[in-house]
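I opened the notebook today to look at one model with its sequence alongside. Here is what I looked up, in the order I went.

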Amino acid sequence: MELVERYLQSVEVELGTPDKADIIRELRSNFLDEIENINTSENSLDFDDASALVLKKYGHPVQVAQSFEPKAPLVAGVDMPFYKTILLNAAILVFLLALVKSLSVLISADSVNPISFLFIIFGSFLDNIAMVLIVITLIFYYLGKDGAIQKWRYRYWQPQTLPKNPKYKTSTSDSMTDLTTSLFLLLVVWIPLWMSQDSQQNLIVVLADNNEHWRYVLTVLCALSITHSLYRFTQHSWSKLSLRTYVVDNALFAIVFFIMASEAPLFIINPGLVLALAVEHPDSLRWAKEFLMNGVSWTLMAIGALAAGVALYYGWLLTKLK
Amino acid sequence: MADERASKLRLELRRGILVLSALASCKTPQYGYSMRKHLAEAGLEIDEGTLYPLIRRLANQGLLDSEWQQADGRERRYYRLSASGQEVLSQLTTDWAELNASLTQILAQSEIE
């Protein structure tokens, strides 16, 4: 009987319901019936052996408690696919924000330390992802209880509103990449706004004179790109309009980068540091000047070519859309 | 593999008739073990871990009335159909008869084909 009582206490500990005393009382009664049934058969066992056999058949006390008091899942089954999508997108967003934050620290830093850069990214990511996970799960737990999430998602659904080209799905990761790239470009373009004067004076490379207008041109392009990326998050597949806008967006980037590449030098060595560098690192200074004259042009042309390639690819996709 | 699949599907099929079986058993007063034995004798083996929580749930839903009784020096909780349980059993019995008739027809047609 000691074994049965031990088992019942283990079950009771797992039960949270107010009528757990009654459940235990009933379980005790059922166990004794089952044990008695074994002992009335031909090969009767002693009480403890029969008890062990019956209790083993019932299963672990935690399983038994859960069968009497099934717990509602944190996220309803029907909401799981949507939950996973939201979690994945949130994780990507948090990671990209951590990346942007780390890159801004990198730009301000006196030296480049890859290990410290990685630590900053992952530290920032881990700092934020736990809170994001908890908030999203709580939202799904409370709203998913009465099927509210499902009702909300499909509240306006009509067959006529289905996308014309469901096969051509927009990629969330591409939208995230475009968004982050534009945000980072804005960060770089507007360094004078967020970086301290002291840090700016220590920057080795600065924008050449008469090139200030590029800040504004790139700002407009980045704003268009950010708007389009955010819009794409609300769409599951490409439409002709969104695709045309995307092609134009990339084509404009390509044109701007090609023009910037032709207007060398776009960047120069910080005049305040030229003398010091000439004395301390003359070879590095020579190399840097050479890179700023030619290397930057080639880099900008490569980026422009990439943007042009993207524009051409999506232009071709546009011909396939209904 | 096929046996495993069939076994899972068989379990699903049996799960569908558990409530009806339990309610029908409680036309006469039953306690947990006696109900399991009654169903097993009729050819419906149900393990204890499934049946006992089920009859408690039916009692909590008001479909079964229950009371503790002393007999043979032991106490047992006896269940029997409540008034609403009687109504539900009657509806489910009708539904079952209709489903059974439909399924018999479908199976007969598939045999012909």
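**Ground rules**

I am working with a predicted model, where local features need pLDDT of at least 70, side-chain atom pairs count only at pLDDT 80 or more, and totals for chains, interfaces and linings use all residues. Residues are numbered from 1 along each chain as its sequence is written, chains are lettered from A and ligands numbered from 1 in the order in which they are written, and side-chain values use heavy atoms, with hydrogens and water left out.

**Entry: chain B**

I began with the secondary structure and found four helices and three strands in chain B. Along the sequence they run α-β-α-α-β-β-α. For these I used DSSP runs numbered from the N terminus (helices are H or I, at least four residues; strands are E, at least two).

Next I checked burial, and 33% of the 113 residues in chain B are buried. My cut-offs were under 20% relative accessible area for buried, over 50% for exposed, and partly exposed in between (1.4 Å probe, protein chains only).

I then looked at contacts, meaning heavy atoms within 4.5 Å. Of those in chain B between residues at least 6 apart in sequence, 44% join residues at least 24 apart. The accessible surface of chain B is about 7400 Å², with carbon and sulfur atoms supplying 53%. Accessible areas here come from the Shrake-Rupley method with a 1.4 Å probe, and for residues only the protein chains shown count as cover.

**Entry: where chain B meets chain A**

How many residues does each chain bring to the contact? I noted 15 from chain B and 16 from chain A. The two chains bury about 1600 Å² between them, 43% of it on carbon and sulfur atoms. Buried area is the accessible area (1.4 Å probe) that two parts lose on being put together, summed over both. On the chain B side, Tyr33(B), Arg56(B) and Arg74(B) lose the most area to chain A, together 38% of what that side buries.

Charge pairing was my next stop. I counted a salt bridge when a side-chain nitrogen of Lys or Arg is within 4 Å of a carboxyl oxygen of Asp or Glu.

One of the pairs is Asp33(A) with Arg76(B), at 2.9 Å from N to O. This pair crosses between chains, from helix α2 (residues 20–39) of chain A to strand β3 of chain B.

On the chain B side that touches chain A, α2 (32–41), α3 (48–60) and β3 (74–81) each supply at least two residues.

**Entry: salt bridges in chain A**

Arg232(A) and Asp178(A) pair at 2.7 Å, N to O. Arg232(A) is in helix α11 and Asp178(A) in helix α8, so the bridge ties together parts 54 residues apart in sequence. Both of these residues are buried.

Arg215(A) and Glu212(A) form another bridge, with the closest N and O atoms 2.9 Å apart. Arg215(A) counts as buried because its relative accessibility is 12%, while Glu212(A), at 41%, counts as partly exposed. Elsewhere, bridges with shared partners join Asp19(A), Asp22(A), Glu26(A), Arg56(B) and Arg77(B) into one network.

**Entry: two loop residues**

Asn165(A) is in the loop between α7 (148–153) and α8 (172–189) of chain A. Is it buried or exposed? At 5% relative accessibility, Asn165(A) counts as buried. Leaving aside neighbours within four places in sequence, Asn165(A) contacts Ser237(A), Trp238(A), Leu321(A) and Lys322(A).

Asp72(B) sits in the loop between β2 (64–71) and β3 of chain B. Its phi is near 55°, a positive value in a residue other than glycine. Most residues other than glycine have a negative phi. Asp72(B) counts as exposed, at 73% relative accessibility.

**Entry: a nonpolar patch**

Last, I traced a nonpolar surface patch of about 490 Å², made by Val220(A), Leu224(A), Val248(A), Leu252(A), Ile255(A) and Ile259(A). Patches take residues with over 30% relative accessible area and no salt bridge, joining like charges within 9 Å and nonpolar side chains (Val, Leu, Ile, Met, Phe, Trp, Tyr) within 5 Å. Helix α12(A) gives the most, with four residues. Val248(A) lies in that helix, α12 of chain A, and at 47% relative accessibility Val248(A) counts as partly exposed.
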